[in-house]
Amino acid sequence: GHCRLLCKPSALAQHLVRSLGRSAALRGGRWPWPRWPRLQMLWQLLQPPEPEPVVTRELLQLPDAGLVALDWLVGPWGAAGGSGGVSSPVLLLIPNAAGKVTAGLLQLGLRALERGFIPVVFNRRGHNGCPLTTPRLQPFGDPRDLREAVTYLRCRHPSASLLAVSEGSGSGLLLAYLGESGSSSRLAAAACLSPIFRGRNWFEAGMPWLYEWPLLLHLKQGLSRYARSLAEVVDTDRLLGSRSLRELEETLFCRSRSRPSSWECYWERNEPLRDADEVAVPVLCLCSADDPVRGPPAPSLPRELFRSSPYFFLLLTPHGGHCGFPRRGPGRCWAHEAVLEYFRAMAEFLRTEERRKGLPRPR
């Protein structure tokens with residue numbers, strides 16, 4: 001399908017090339033509108049999930065009494081559909097930075113469930129109906145809450161492989177977590193669908209209104225529920241009157257009454273790739289050259305990172321829009337199959353390496 005894999009040569013890279021080369025996902029049918037990425041983006045945002053998934057919500061209390069929500073996908077068949085084995089891999093799904101759980105992300109979770117994974121959606125404070133119990137939301141690249149969730153998942157499933165997939169701007173959180181955690185991330189592998197690599201540039205450049213306004217309204221709708229409690233720390237009139245995602249982000253995190261900060265200092269602490277050199281688990285990034293949300297490939301794709309780091313792999317396709325990667329037939333998104341094939345290939349490679357070196361499996 002004219003995809004290219006950009007990475008540093010290694011045994012792992014060769015294994016991944018062979019595995020993806022055999023995958024039927026990259027040889028899927030043609031999409032009737034390959035050169036209309038904005039239409040692909042709209043189709044991806046508006047399509048309903050098929051079938052409607054059943055989820056079981058679990059609230060996780062954080063050290064400062066805040067809450068995040070974990071939504072366990074148990075399929076469209078009720079609780080019996082999600083009964084995985086003791087060692088079934090756990091797949092952590094991270095929505096975009098606005099907290100919108102798209103039909104595409106749910107479809108990926110259902111595909112994973114059918115393959116024997118245990119999928120769970122991570123919802124930030126105040127997002128997707130998660131109660132906001134403290135007047136604090138999660139900044140763009142602050143991985144502290146995600147770290148608590150990963151620790152909990154590891155305790156709940158101690159013998160299972162822990163994997164993570166992020167969608168769109170939610171990749172900023174996953175990449176920041178992998179960089180800050182390094183070899184202590186507790187993840188076996190990760191994948192990013194249409195990631196945003198340079199957060200500050202992305203906010204400053206602006207996005208197509210077709211994408212920005214729905215997300216802005218989605219965020220305002222959620223924040224309006226907590227306007228009274230947030231009034232203690234931010235100007236809620238200015239917050240709910242924001243006309244762009246940048247204005248809302250700056251009002252929420254830089255104009256705080258308790259800890260005001262500059263836009264520059266905010267991004268020094270929240271750029272997704274600020275600690276990219278410390279990443280120590282394989283990360284597959286699926287990107288489209290015509291992504292209208294991320295922007296043109298030259299300034300928005302850190303190609304040198306993929307050439308120099310043995311842990312970063314870029315699967316670049318000429319057409320696919322933003323988180324769309326559409327195809328005809330069942331599944332509709334070939335990237336979902338590619339991600340699941342990537343995770344299978346990673347597990348196979350690790351098992352082979354353990355047998356070759358005679359290493360005991362980690363407890």
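Before anything else, a word on pairing: two strands are said to pair if DSSP finds at least two bridges between them. With that in hand, let me take you through this structure, which is a predicted model.

I will begin with strand E6, residues 162–167, and strand E7, residues 189–193, which run parallel and are joined by five bridges. Within this pair, Glu167 stands opposite Leu193 in E7.

These two strands belong to an open sheet of nine strands, whose pairing is mixed and whose order reads E1-E9-E8-E7-E6-E4-E5-E3-E2. At the edges we find strand E1, residues 4–6, and strand E2, residues 54–61, each of which pairs on one side only. Going from one strand to the next, the twist averages 20°.

Now to the helices that pack on the sheet. Helix H1, residues 11–22, touches E1 and strand E9, residues 312–317, and the direction of H1 makes about 30° with that of E9. Helix H14, residues 334–357, also packs on the sheet, where it touches strand E4 (90–94), E6, E7, strand E8 (283–288) and E9, and its direction makes about 165° with that of E7.

H1 and H14 pack against each other too, at an angle of about 135° and with their axes 10 Å apart, which makes H1 oblique to H14. The crossing of these two helices is right-handed. On the H1 side, the residues that meet H14 include Ala11, Leu12, His15 and Leu16, and among their partners in H14 are Ala338, Glu341, Tyr342 and Phe349. Sorted by class, the contact of H1 with H14 has nine nonpolar, two polar and four charged residues.

Is Ser171 buried or exposed? Its relative accessibility is 0%, and because buried means under 20%, Ser171 counts as buried. Leaving aside its neighbours within four places in sequence, Ser171 is in contact with Ser166, Cys192, Leu193, Pro195 and Ile196.

Terms used. Residues are numbered from 1 along each chain as its sequence is written. This is a predicted model: local features need pLDDT of at least 70, side-chain atom pairs count only at pLDDT 80 or more; totals for chains, interfaces and linings use all residues. Side-chain values use heavy atoms; hydrogens and water are left out. Helices (H or I, at least four residues) and strands (E, at least two) are DSSP runs, numbered from the N terminus. Axes are lines fitted to C-alpha atoms, for helices over the stretch in contact, and angles run from 0 to 180 degrees between N-to-C directions. Contact means heavy atoms within 4.5 Å. Buried means under 20% relative accessible area, exposed over 50%, partly exposed in between (1.4 Å probe, protein chains only). Angles under 35 degrees count as roughly parallel, over 145 as roughly antiparallel, 65 to 115 as roughly perpendicular and the rest as oblique. A crossing is left-handed if the near helix is turned anticlockwise from the far one by less than a right angle, and right-handed if clockwise. Ala, Val, Leu, Ile, Met, Phe, Trp, Tyr, Cys and Pro count as nonpolar, Asp, Glu, Lys and Arg as charged, and the others, Gly among them, as polar.
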